[in-house]
Amino acid sequence: MIRLAISTSCSDNSVSVLLSDEQTDSLSYSRDASYPREQLVLKIAELLQKNQVDKRHITEIGVDEGPGSFTGIRTGVATANAFALGLNIAVHGFSSLDLIAEQYRLSHPLFQDRLCVALDAGRNQVYFAAYYVHPTHIEKILSDVLLESVLLAGKTGTDPLAGLKLDHLRLPYTPFQPNALCCLHLMKNPYFKNQVKKYAVPNYIRASDAEIFFSKKIIDQSGQSD
Amino acid sequence: MLVLGIETSCDETSVALVEDGCRVLGVRTFSQVKSHEKYGGVVPEIASRIHVNVLHYLLEDLFQEIKIKPDDIGLLAVANRPGLIGSLLVGISFANGLAFCWNKPVVGIHHLEAHIYGAFMEEGKQPQYPSVALIVSGGHTQLVQVDALGEYTLLGNTLDDAAGEAFDKVAKILGLSYPGGPVIDKYSQVGDPGAWSFPRALLEDSSLAFSFSGLKTAVLYAVKGYGRKISQTSSTIPERMVKDIAASFQRAVVDVLVIKMERALEKTRARSMIVCGGVAANSELKSAMHAVSNRKNVPLFLPPLFLCTDNALMVAGLGWHKRHQATSFILETYSNSPINK
């Protein structure tokens, strides 16, 4: 069973392939002028060629559905859906927050407790989800939400980037980003079996600016008419 | 050779199968007009979101009807320039993925060149060259000299708004629905085109450039002037006035397009003329261009309605002619791309 995974929701894009039960290989690249978004399939081809994998032997594809960069999410999802249709294989779609939680579990093998993941959404907002971390897998206990305002209280100050200063609140800042290797791990997670679907769907969480602006306009107008 | 075309450059999601450049096997197009209606124009982020949600379903549906296998397809053609960058990227990502999975070559198509091709695609034969093409849509208004398929010289471009964009904005000013083209066309048929004197820009010299922003502003002032005359707070324009303004505005646009087309025909000594893009569906423009064709004794190529708006048929059709430029992946996407480069 050969599984392919892609993650493109942040500036560091990655593709990973599961070659056997334990053997994986990955390829990461930062999206910039020399590696624009159109390069994703080229990178997949490079990874498969390096490992001498025939694409017809891929049985499943996993994809980071977001939240994160809107355009990045769409690039990954459109590519995953092309593979699903082109190779007639199933898609596993995961939240980018799930991938970060899984990355935390893998890097902290002794940790077994509740874990909150907050991902910078810009505009003083965060994407947020909560998990219970078991020794073998993560279990989602609060689905992805966009928090409009986050207040970090405590005697250590207000700068969340001060990192370890917030240890007593169990709110360490980490440089973790969603990646394709964690996507491969989650594809094996029995708890996430229901994530298997025919096609992936972007998980933006945040509405487009036009929708937000239009909703506010409607609310303002109804307020004025009152 | 069977070509799968993919078009996502603006607010139409479309896939099509065309054989040897002109034999249509099938097409699926999803128009996003309803989703953009309340904003009065295309919202790029919303357009991209819809493309990624529907593209695979359209192709699946097309395959079910046509009953072909991926092995039957010889080439993929995808619009990769110019257009909304986020929307183009959805089509490119999908096309690259399919091309890779199926071991098929893929070719990037210039959206405007596809519009020109769409004007004579059904004929199965190309016009006599040199030809002058007027590309007139919501995003573009240009005159192009066509010396052969793939050989273009830009003769004139809009300096500000595209003609189709002006139709949308004027419709909004008049309180009409989006998109503005069809509704203004409908109102114009019962309005007086001589009732209002609106400006025709850039006609003084021999320029082939266009400008429609002044015309749009003139309509805005006409409506505002009426508002001031009857009441500061009134926002309702009488039906008669809406019809007359719509007809006068449309006549101004068509006059400019006709005069510039005639100038371009004379300048290039063209042996044929092409009118394409969404505004080519306008009934008054079609009649006026037929009259030019008769007057100048130059054959006119005008696409049928389903080839005027954005569609993957023209992309697939042109793709067959560009098959020698096909590669394994499309690695470039451009929001702006002159047709002559």
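## Working around D144(A)

D144(A) sits in strand β8 (residues 138-147) of chain A; strands here are DSSP runs of E with at least two residues, helices are runs of H or I with at least four, and both are numbered from the N terminus. This is a predicted model, so local features need pLDDT of at least 70 and side-chain atom pairs pLDDT 80 or more, while totals for chains, interfaces and linings use all residues. Residues count from 1 along each chain as its sequence is written, chains are lettered from A in the order in which they are written, and side-chain values use heavy atoms, without hydrogens and water.

**Exercise 1.** Work out whether D144(A) is buried or exposed, and which side chains it makes polar contacts with.

*Solution.*
- Step 1: the relative accessible area of D144(A) is 16%. Buried means under 20%, exposed over 50%, and partly exposed in between (1.4 Å probe, protein chains only), so D144(A) is buried.
- Step 2: look for polar contacts, meaning N or O pairs within 3.5 Å; within protein, one atom must be able to donate a hydrogen and the other to accept it, and residues adjacent in sequence count only if both atoms are side-chain atoms. The D144(A) side chain has one with the side chain of K140(A) at 2.6 Å, and another with that of N203(A) at 3.0 Å.
- Step 3: leaving out neighbours within four places in sequence, D144(A) also has contacts (heavy atoms within 4.5 Å) with residues including P67(A), S95(A) and F128(A).

**Exercise 2.** Find how β7(A) is paired with β6(A) and β8(A).

*Solution.*
- Step 1: pairing takes at least two DSSP bridges between two strands. β6 (residues 114-120) runs antiparallel to β7(A), with seven bridges; V117(A) partners A129(A).
- Step 2: β7(A) and β8(A) are antiparallel too, over seven bridges, and Y131(A) partners K140(A). Four residues link these two strands in a hairpin.
- Step 3: check burial. In β7 (residues 126-133), seven of the eight residues are buried.

**Exercise 3.** Describe the interface of chain A and chain B: how many residues and salt bridges does it have?

*Solution.*
- Step 1: chain A brings 34 residues and chain B 31.
- Step 2: there are two salt bridges (a Lys or Arg side-chain nitrogen within 4 Å of an Asp or Glu carboxyl oxygen) between the chains. One of them joins R74(A) to E45(B), with the closest N and O atoms 2.9 Å apart.
- Step 3: of the chain A side, α2(A) gives the most, with 13 residues.
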